[in-house]
Amino acid sequence: MRGSYAPVTEEVEAFDLRVVGALPDGLNGTHVRNGANPKHGPTSHWFAGDGMLHGLRVSDGRAEWYRNRWVRTKALDGVNRMDMSTGTFDRTVGLANTHVVRHAGRILALEEGSFPNEVSPELDTIGPCDFDGRLRTPFTAHPHTCPETGEMHFFGYELVQAPFVTYHVVDRDGTLVHTQPIEVGGPTMVHDFAISRNYAIFLDLPLVFDLDLAISGGMPFEWRPSYGARIGLLRRDGSGAAPRWFDVPLCYVFHIMNAWDDGADGRYVWLDAGRHASMWDGGPHKFEPSLMHRWRFDLHTGEVHEETFDDVSHAFPRIDDRRAGLSNRFGWAVAPRDPSDTSMEAPTGIVKYDLATGSRTFHDFGATSLSGEPVFVPRSTDAGEDDGYLVTYVLDKATESSTFVVLDAADMSSPPLAVVPLPQRVPLGFHGSWFADE
Ligand SMILES: [Fe+2]
């Protein structure tokens, strides 16, 4: 809760903000980012604060408004999600602090232990969303929408009783149409998963839930190498009742960059993600760096080939979401300005990976700035893969001030196209989205 992570205490709004540079023609929509912003004092971990949304609306070259709003969850009112006497969880209670996505007209603030909380385009809370009673499990903070079918694929994970992982699909119209238990070895933290054209890809990794840690009130997961590590490929067409599992060397993954396969009769499935050699080994504040890593699963031989392809740590990898589940050439992530600086407040910029050439380029926001997650916005619906913009919030820790920044996604070396100074500091947070005007 210190420095760049310190919460803000006020909900503010401002209209017609000053723009340095020019907001691009055709960039009409709202950038919304979620993060942990505890309202009632210190929490046990960065991940445990109340969700707060920061929105910046752009319309016809104007920065129309900025506002920040806590998600009005039951947790914000002090309701505990776990009934200690029965060991059961109330899925309508959650922090709603991790991500915010839009699907079939609904904007959902997400946190992986509960149902989504729906919010309005102006960031007012509507309430928990259980898809007309069809959702009976928590909802991950990282759903993935298939650009070919419009379906939103997601999962939920449970900690007390099996099935510990359940896979779901919501169709393009917002109806939950498929729910399928996934058998895993026990209750673990499963932060993200992936889809390819033909598979849903599950990570079964050794960050294991521990009830004693939960009762003590701390982060209830421990690194347990004896659990093993494996990655499972489940056919999306329903032809397999269970994933085909591939054992892999011990690791942890918070964030997928993308996955893809060779097509209907393909031999290989690829997965690119940030790989940690371990997670919270020795306590919930011990991190190994996240290094960009590629797994290749051979469906003929059952073999896995894997390699790390960047030696600089990164956070929050993103792609052009129109390539989700399809092969992508480009990816972007937050990376340190000085690769040797591993402190929590290391100045950061945005790295761009060109997976075709193996090159990486870097946008530097300056010696005291920390970048938020880069969200890609295509210039138009039929624009090429990196033909568009990156939008994010950037925090200058020297001045304790924040800006909304628009970069040319194709040209990382140029200065920002537009910078919008914000009326208050936006603390470092988690994930966000661009909601284009429809
Ligand atoms: Fe995440």
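Me: Is Asp132 buried or exposed?
Reply: This is a predicted model. Asp132 has 9 other C-beta atoms within 10 Å. A residue with 12 or fewer such neighbours counts as exposed, so Asp132 is exposed.

Me: Where does Asp132 lie, and what is its phi?
Reply: Asp132 is placed in the loop between S11 and strand S12 (144–145). Although Asp132 is not a glycine, its phi is positive, at about 55°.

Me: Which residues does His142 touch, leaving aside those up to four places away in sequence?
Reply: His142 also belongs to the loop between S11 and S12. It has 21 C-beta neighbours inside 10 Å and therefore counts as buried. The C-alpha atoms of His142 and Phe316 are separated by 12 Å, although the two residues are 174 residues apart along the chain. With residues up to four places away in sequence left out, His142 touches His99, His191, Asp192 and Phe193.

Me: Is Leu123 buried or exposed?
Reply: Leu123 occupies the loop between strand S10 (117–119) and strand S11 (125–128). Its phi is positive, about 75°, although it is not a glycine. Around Leu123 there are 22 other C-beta atoms within 10 Å.

Me: Which residues are joined by a cis peptide bond, with omega about 0°?
Reply: Pro163 is located in the loop between strand S13 (152–157) and strand S14 (165–170). The cis peptide bond, with omega about 0°, joins Ala162 and Pro163.

Me: How many helices and strands does the protein have, and what is its radius of gyration?
Reply: The secondary structure comes to 1 helix and 35 strands. For 438 residues the globule rule gives 22 Å, and the protein comes close to that value, so it is as compact as a globular protein of that length. Its radius of gyration is 21 Å.

Me: What share of the residues in the protein is buried?
Reply: Along the principal axes, the C-alpha atoms fill a box of roughly 55 × 55 × 45 Å. Among contacts with a separation of 6 or more, 52% are between residues 24 or more positions apart. Of the 438 residues, the buried share is 45%.

Me: Which residues have the most contacts inside the largest nonpolar core?
Reply: In soluble globular proteins, nonpolar side chains tend to be buried together. Here the largest nonpolar core has 105 residues. Strand S22 (residues 252–261) supplies the largest share of this core, 7 residues. The residues with the most contacts inside the core are Ile201 and Leu390.

Me: Which residue in S17 is the bridge partner of Ala194?
Reply: An open sheet with antiparallel pairing has 4 strands in the order S16-S17-S20-S21. Strand S16 (194–195) and strand S21 (244–247) are at its edges with a single partner strand each, so one side of each has no neighbour in the sheet. S16 is joined to strand S17 (residues 199–204) by 2 bridges, and the two run antiparallel. The bridge partner of Ala194 in S17 is Ile201.

Me: Which residues does Leu390 touch, not counting residues up to four places away in sequence?
Reply: Leu390 is one of the residues with the most contacts inside the largest nonpolar core. Apart from residues up to four places away in sequence, Leu390 touches Trp332, Ile350, Pro374, Val375, Phe376, Leu407 and Ala409.

Me: How many of the residues of strand S33 are buried?
Reply: S33 pairs in the antiparallel sense with strand S32 (residues 388–396) over 8 bridges, and Thr392 stands opposite Val405. S33 also pairs in the antiparallel sense with strand S34 (residues 418–421), over 4 bridges. Strand S33 (residues 401–408) is largely enclosed by the rest of the structure, because its buried residues number 6 of the 8.

Notes:
Residues are numbered from 1 along each chain as its sequence is written. This is a predicted model: local features need pLDDT of at least 70, side-chain atom pairs count only at pLDDT 80 or more; totals for chains, interfaces and linings use all residues. A residue is buried if 20 or more other C-beta atoms lie within 10 Å of its own, exposed if 12 or fewer, and partly exposed in between; C-beta atoms are placed from the backbone. Two strands pair if DSSP finds at least two bridges between them. The radius of gyration is taken over C-alpha atoms; the globule rule is 2.2 Å times the number of residues to the power 0.38. Two residues are in contact if their C-beta atoms, placed from the backbone, lie within 7 Å. A nonpolar core is a set of buried Ala, Val, Leu, Ile, Met, Phe, Trp, Tyr and Cys residues joined through C-beta atoms within 7 Å.
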